[in-house]
Structures are given as structure tokens and as C-alpha cells.
Amino acid sequence: MPLAEAKVPVLDRGFIFGDGVYEVVPVYSKVPFRLEEHLNRLERSLGAVGIRNPYTREQWRGIIAGLIERQPFEDQGVYFQVTRGVAKRDHAFPKDAQPTVFMMSNPLVPPPRVQVERGASAITARDNRWLRCDIKSISLIGNVLLRQLSAEADAVETLLLRDGKLTEASSSNVFIVSGGVIKSPPKNELILPGITYDVVVELARAHSMPLEFGDITESDVRTADEIWITSSSKEVLAVVELDGKPLGDGRPGALFRRMYQLYQDFKREVMRAGRRERISA
Ligand code: PDD
């Protein structure tokens, strides 16, 4: 149905409590990219918050395919969320609510060319979100407030530091490059396990680019040669200015340019072609 006609009852727990989880799947040439991985992550989020998965894998695939087919655009961002359903307001789980599913698809627009070529600005802030950032929860007030800080500074992202260490950004994962090594925080409960993060890691490994996972301190971030942010909508984007100061020489670095090219090649040859295989050298 037209988006403007879709309605949710006011007592839906998604509306009342932000009690639900979501996914965003990028679609290239009408082929959803890594749908199984997104559905695995959805299942994991649902399990972590105790919401019943209302559909089988087969049903999810079918509904998503139908939604994609009905849109006129080739490249799409499919958003879907599952809430605990409609019930009288009470924090404890309702006994018999049916999960509510809402799904929409919008045109997928990659970052503008000038941003890719010149790089973007970011700021840092204290990561004051909860301790289960691995759950893709629709309760995004923490992320929203943190993102607003960078919006007000005319920057594209807010990089988050918890106890002096880098976690991720308000709606993307973060990699740094120092001394020719690509580094990222390990997957744990403090970051969302990004599907794009996995692609970048696979591409780095397949092309023998040095890669390490571990704690990244605030000073590592500030003295990094390069910083990249990754997400389904931003792909891989270089940060060249941090808190108003140029990072490195203030231009996207050599490893970024290599990774960006690998990502674009992968998009053309694998994502658009709907090929399922993992990346190999
Ligand atoms: N955001 N970390 C956070 C906090 C995110 O919200 C996202 C994605 C990511 C990257 O995940 P992926 O590579 O699977 O897109 C990391 C989505 C796009 C959003 O909320 O719109």
C-alpha cells in the first residue's frame, strides 16, 4: 500500500516503548545483498529480546522479494522492523500479543561523488548508549542524539568512544589505518555486527591487506593515517577531518582508495549479478 496509508495502532509497543528490532538491506539491480546474513542478524536480535519471529525464512524471502519487485527503482534500501505487538501499556511482556511487522523500500542513494573523492568530516563523542549495541533495536534515541551532534557540526558522522576506546559510529562501523595496517574494534556487545564491516574484512583478507582487530584508543583514532566508516548506505567512506582538524594529510588515503575500488568492483560483479559466493582472492 502507499506509505502514507500504512497505519500502526497507538498501543503498538514499538510506538510506546521502542520495543522492537529492525534491519536495513541494500538492494542492487533488484537483488537483495546478503539477505541471509541480514535475516540471521534479525533472528539474533529477535532472540536477544524475546520476540517471536513471525515468519519462516521462506516467508521473509517471499515478502521481501514482492516488495522489491513492486518498486520502480533498481537500487533500494529495504527497511523492516518487528515489534512485540499491540497490548495495554505495561513494561512486562504481554502474554498474547502478535508481533507487528512493518516494511518499506526506498531508493538507495550512495554517498555523493564529491564526498567519496574529498572525504568527509566527523566528530567524536562519548558513547553513552546501553550495553547491548549488538542488538539492532528500534530504540535509537541514543544513536539519534549522538548523530544530531555531528549534524549540528555539519559533519557526516559521530565516532563513539567508550571508556577511552573506539566502539563504532552513530549509524556505521569504523575502521582506522595506521602504519599500513587496517584496524577495527572486535565484534562484541558494544557494536552492531555490520554486514558491510564483514564485506570490508573479507575484501581486505582476499587482497592480503594487513588487518587487525583489537582495542583502539582515543589517541589511536586521533593519530590515525586514515579513518573509514562503513554501512549499507554509506558503503565505505573516508573521514578526513575529525573534530574540526584535518586527519593525516586531509585527503582520502591510499588504502581507502584501494578498498573503495575493491568495494565498487565487488558491487558490480557480485552484488548486482546476485552471485552468492563469498569473496576469494
Ligand atoms: N545502520 N552500526 C550502527 C549503529 C548502525 O546503525 C549500522 C547500520 C551499522 C552498519 O551496519 P550495516 O553494515 O549492516 O549496514 C553499524 C543502518 C544502515 C541504519 O540504521 O539505517
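Ser29 is found in the loop between β1 and β2, where helices (H or I, at least four residues) and strands (E, at least two) are DSSP runs numbered from the N terminus. Although Ser29 is not a glycine, its phi is positive, at about 50°. Ser29 is partly exposed, with a relative accessible area of 25%; buried means under 20%, exposed over 50%, and partly exposed in between (1.4 Å probe, protein chains only). The model is predicted, so local features need pLDDT of at least 70 and side-chain atom pairs count only at pLDDT 80 or more, while totals for chains, interfaces and linings use all residues. Residues are numbered from 1 along each chain as its sequence is written, and side-chain values use heavy atoms, with hydrogens and water left out.

Strands of a sheet pair through backbone hydrogen bonds, either parallel or antiparallel. Here two strands pair if DSSP finds at least two bridges between them. β1 and β3 (residues 76-83) run antiparallel and are joined by 8 bridges. Pro26 has Gly77 in β3 as its bridge partner.

Ser208 sits in the loop between α6 and β10 (211-213) and is exposed, with a relative accessible area of 66%.

Other positions are buried. Leu39, in helix α2 (residues 35-49), has a relative accessible area of 2% and is buried. The C-alpha atom of Leu39 is separated by 8.1 Å from that of Trp60, 21 residues apart along the chain. Arg129 lies in the loop between β5 (120-126) and α5 (141-152), and at 10% relative accessibility Arg129 also counts as buried. The side chain of Arg129 is joined to that of Asp127 by a polar contact of 2.9 Å. A polar contact is a pair of N or O atoms within 3.5 Å; within protein, one must be able to donate a hydrogen and the other to accept it, and residues adjacent in sequence count only if both atoms are side-chain atoms.

The ligand has 18 residues around it, of which Tyr22, Arg41, Glu168, Thr196 and Ser232 come nearest; a residue is near a molecule if one of its heavy atoms lies within 4 Å of it. An N or O atom in the side chain of Ser232 is 2.7 Å from an oxygen atom of the ligand. A polar backbone atom of Ile195 is 2.9 Å from an oxygen atom of the ligand, and a backbone N or O atom of Ser171 lies 3.5 Å from a ligand nitrogen atom. On its own the ligand has 480 Å² of accessible area, and the protein covers 88% of this, by the Shrake-Rupley method with a 1.4 Å probe. Two or more residues of the shell come from each of β1 (20-28), β7 (165-169), α6 (195-206) and β11 (226-231). Domain 1 (7-107) and domain 2 (113-271) both contribute residues to the shell, so the ligand lies between them; the domain bounds come from an automatic or database domain assignment.
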